[in-house]
Amino acid sequence: MASPVDSIDFRSDTVTKPCAAMRQAMAEAEVGDDVYGEDPTVNRLQEQVAELLGKEAALFTPSGSMADQIAIQVLTRPGDAIISAPDSHIAFHEAGATPMLAGVQFSYMPSAIYSEDDVASAYRENDHHFPPTTLVEVENTYNMGGGLVWPLETLRRVRAKASELGMKTLMDGARLWNAACASGHSEAELCQGFDMVTVCLSKGLGAPVGSLVAGDKDSIHRAHRARKMLGGGMRQAGILAAAGLYALEHGRSRLSEDHANAKFLGAGLSAISGLSLASDSVDTNIVIIDVDASVGTAAQLQAKAQESGLLFFPTEAQRIRLVTHLDVSRGDCERALDILSTCCA
Ligand code: TLP
């Protein structure tokens with residue numbers, strides 16, 4: 001069986017390895033103690049990301065999950081309810097951290113890209129029977145939906161409804177860069193008016209580690225305490241921030257390549273008998289495919305493909321996800337189509 005090292009790896013855009021130039025930037029980074037706020041490279045990264053997102057300040061964190069959990073702690077109180085999708089990362093993929101660490105529960109939306117009317121109907125009046133509904137969370141791009149981009153108008157209406165009802169707003173923008181690239185709107189436009197935003201450098205942009213949470217100065221001041229509480233205060237973290245700065249400078253401009261590869265893959269996969277696209281479109285770098293029972297289960301297909309050196313993850317019993325990124329080429333996508341048509345034959 002092929003090992004992950006010599007396989008074509010579509011499991012996630014998190015699998016990319018830092019290139020020589022990124023490693024060089026890391027080796028040469030100016031550093032200081034970031035828990036004291038004295039690391040010049042971390043400070044530069046935080047300022048640059050805050051500016052890109054149109055927010056007053058940003059805070060560097062080791063992971064997107066920690067950035068999300070910090071934002072939730074800043075924006076809610078134990079006992080509150082958060083409006084979010086059932087398969088959003090904060091609800092589904094953070095090991096239960098949201099109820100466990102922030103002590104809040106979810107009020108689920110009917111779909112991941114939802115409307116202001118959905119927000120209004122999930123909002124609970126200020127009645128002592130109900131938890132206070134205090135936060136609306138959106139994921140852009142929407143991972144489990146196949147990297148879908150929220151339409152800007154829908155985002156604006158959802159945000160406006162949240163404000164009208166006195167709720168705060170959080171955008172999980174782990175792949176906001178992809179949303180900006182695909183929609184033609186800037187990152188700042190996409191998260192305009194959101195109280196807090198989280199972004200990742202370690203996904204499509206190719207850094208080995210690193211995320212940020214951004215918001216106004218007061219929220220980021222409180223975010224510092226939450227990060228410390230979660231054990232996320234890092235010392236000479238400039239080495240990691242340097243990779244992030246490199247990723248921002250070189251990674252954003254090439255995301256359209258990943259998107260074109262994902263579209264190519266999506267079209268090729270849906271032409272294979274027994275496979276069909278689970279989403280209406282392939283907007284960015286994530287392709288979610290339904291596997292017909294005639295082919296077997298998603299896990300069986302995964303195991304078969306792995307024997308031929310193709311890696312991806314099942315996301316449900318009959319569903320698989322393939323993610324394009326800077327370490328897979330168009331040729332790798334062609335090879336993936338060949339392997340999967342053989343596996344499904
Ligand atoms: N997503 C990972 C897995 O955890 C599912 C992936 O391979 O896609 N928000 C979103 C929307 C994400 O997709 C992820 C990671 C995170 C947050 C968390 O980032 P990390 O892995 O840095 O904690």
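So, a cavity here, on a 1 Å grid over the protein atoms alone, is a set of points where a 1.4 Å probe fits but cannot get out, and lining residues have an atom within 4 Å of a point. Before I use that: this is a predicted model, where local features need pLDDT of at least 70, side-chain atom pairs count only at pLDDT 80 or more, and totals for chains, interfaces and linings use all residues. Numbering runs from 1 along each chain as its sequence is written, and side-chain values use heavy atoms, with hydrogens and water left out.

Okay, the cavity. Strand E5, residues 133–139, gives the most, three residues; strands are DSSP E runs of at least two, helices H or I runs of at least four, numbered from the N terminus. By class, that lining is six nonpolar, two polar and two charged. For the classes, Ala, Val, Leu, Ile, Met, Phe, Trp, Tyr, Cys and Pro are nonpolar, Asp, Glu, Lys and Arg charged, and the others, Gly among them, polar.

Now, where does the ligand sit? The space it takes is the largest pocket. A pocket is an open set of points with protein on both sides within 12 Å along at least five of seven lines, and a molecule sits in one if more than half of its atoms lie within 2 Å of its grid points. This pocket holds about 380 Å³ of space. Of its 24 lining residues, Thr14, His89, Asn143, Arg175 and Lys203 are closest to the centre. H3, strand E7 (196–200) and strand E12 (313–316) each give two or more residues to that lining, which divides into five nonpolar, twelve polar and seven charged.

Around the ligand itself there are 15 residues, with Ser12, Gly64, Ser65, His89 and Asp172 coming nearest; near means a heavy atom within 4 Å. Helix H3, residues 64–75, supplies the largest share of that shell, three residues. The shell has one nonpolar, seven polar and seven charged residues.

Last, side-chain polar atoms. His89 puts one 2.8 Å from a ligand oxygen, Asn143 has one 2.9 Å from a ligand oxygen, and Asp172 has one 2.7 Å from a ligand nitrogen.

Methods:
A polar contact is a pair of N or O atoms within 3.5 Å; within protein, one must be able to donate a hydrogen and the other to accept it, and residues adjacent in sequence count only if both atoms are side-chain atoms. Grid points are joined across faces, edges and corners, and a volume is the space filled by probe spheres set on the points.
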